[in-house]
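Hi there,

Here is the structure I promised to pass on. Have a look at it first, and my notes follow below.

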Amino acid sequence: MAAPCNADCDDLNRRYGAPGRIVFRPSRHDAPIVVLANQYGSAEISLLGAQTVSYRPTGNMPVLYMPHPYDETPAGTEIHGGIPVCWPWFARNGPEGSKMHGVARYAKWSVKGTEYSEDATEITLGLKSDDETRKAWPYDFELELKISVSMKLTLSLHATNTGKTPFFVTEGFHPYFLVRARDRTEVLGVDGCTFVDTREPEKGRCVWTGGYAVKVPGSKIFEVSKYEYVLMDHGLDRAIAIVSRGNRRLVVWNPGEESAARVTEFGVEGWNKFVCVEPCSTPGEAGYDLGPGESHDLLMAVQSVPNDGSVHARHA
């Protein structure tokens with residue numbers, strides 16, 4: 001039986017912890033944080049929203065942007081940073097009056113199990129529909145999210161329709177990647193892809209032929225088929241490789257200075273310190289129907305490596 005997400009951290013550590021590898025600690029957000037660590041790096045995941053709030057490979061800079069340390073953010077606020085989990089809708093595509101990015105982002109998840117070996121440290125979190133989730137979305141479901149730290153950070157979301165009524169899903173992982181400066185970044189792996197620019201929707205679907213640089217602010221929504229991308233951060237001289245499965249779209253987003261001003265936690269220059277590269281399924285033909293008893297998987301793996309020129313060459 002899964003441990004309740006509001007269980008005492010001492011109990012979670014007794015049942016699922018491993019000294020130096022898996023440690024639960026309290027947070028001001030009314031849900032514990034679990035720290036996963038091994039020789040390759042460490043990650044912190046909040047049981048509120050199953051949001052990964054930090055990832056740092058050993059000997060390297062943090063990979064994820066957070067405007068402030070997680071424990072310094074006010075309790076109950078929406079955290080723009082780390083890797084939020086968006087399900088069963090992406091962006092503002094839920095029922096009228098609903099919150100951004102779905103019920104999973106704001107729910108308290110339970111711990112279903114942990115594992116570790118010489119090469120990986122992993123936790124499995126779970127979320128089931130209940131009276132609270134049905135207030136926002138009237139369907140029965142069960143989610144299982146596995147997060148693993150090895151030579152890379154891997155997130156795998158398994159969603160099941162446990163009810164008797166089919167429903168339509170849009171979803172995504174929403175990683176905020178830390179960069180030196182927004183305009184010194186490139187996204188590889190989308191050349192030749194069809195895309196829509198949300199700043200210029202009147203242009204409709206276009207083919208990306210502008211080389212490798214993806215200009216921001218705003219969002220570009222790419223129709224993808226290769227599922228391998230690289231965020232080149234020339235300011236920090238590193239490459240962040242992203243592999244995904246189960247998504248039909250890739251959103252590349254940065255709010256820009258004007259839009260970011262409406263999110264006070266970014267501060268004056270925060271918008272310039274991240275780029276989001278999001279494996280997702282957006283509304284329309286990119287979403288999917290999930291019938292009773294059916295399941296769907298979404299996976300994302302992230303690896304940060306020094307930029308020695310070889311990554312760019314492989315995408316040329």
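**A buried glutamate**

Glu-278 sits in strand 20, residues 274-281 (strands are DSSP runs of E of at least two residues, numbered from the N terminus). This is a predicted model, where local features need pLDDT of at least 70 and side-chain atom pairs count only at pLDDT 80 or more, while totals for chains, interfaces and linings use all residues. Residues are numbered from 1 along each chain as its sequence is written, and side-chain values use heavy atoms, with hydrogens and water left out.

Glu-278 is buried but has no salt bridge (buried: under 20% relative accessible area with a 1.4 Å probe, protein chains only; salt bridge: a side-chain nitrogen of Lys or Arg within 4 Å of a carboxyl oxygen of Asp or Glu). The nearest side chain of opposite charge, Arg-105, is 8.9 Å away (Lys and Arg count as positive, Asp and Glu as negative; His and the chain ends are not counted). Leaving aside neighbours within four places in sequence, the contacts of Glu-278 include Phe-90, His-174, Arg-249 and Trp-253 (contact: heavy atoms within 4.5 Å).

Strand 7 (residues 121-128) and strand 8 (residues 141-149) pair in the antiparallel sense over 8 bridges, and Gly-126 stands opposite Glu-144 in strand 8.

Best wishes

Notes
Helix = DSSP H or I, 4+ residues; strand = E, 2+ residues; numbered from the N terminus. Buried < 20%, exposed > 50% of the residue type's maximum accessible area, 1.4 Å probe, protein only. Pairing = 2+ DSSP bridges.
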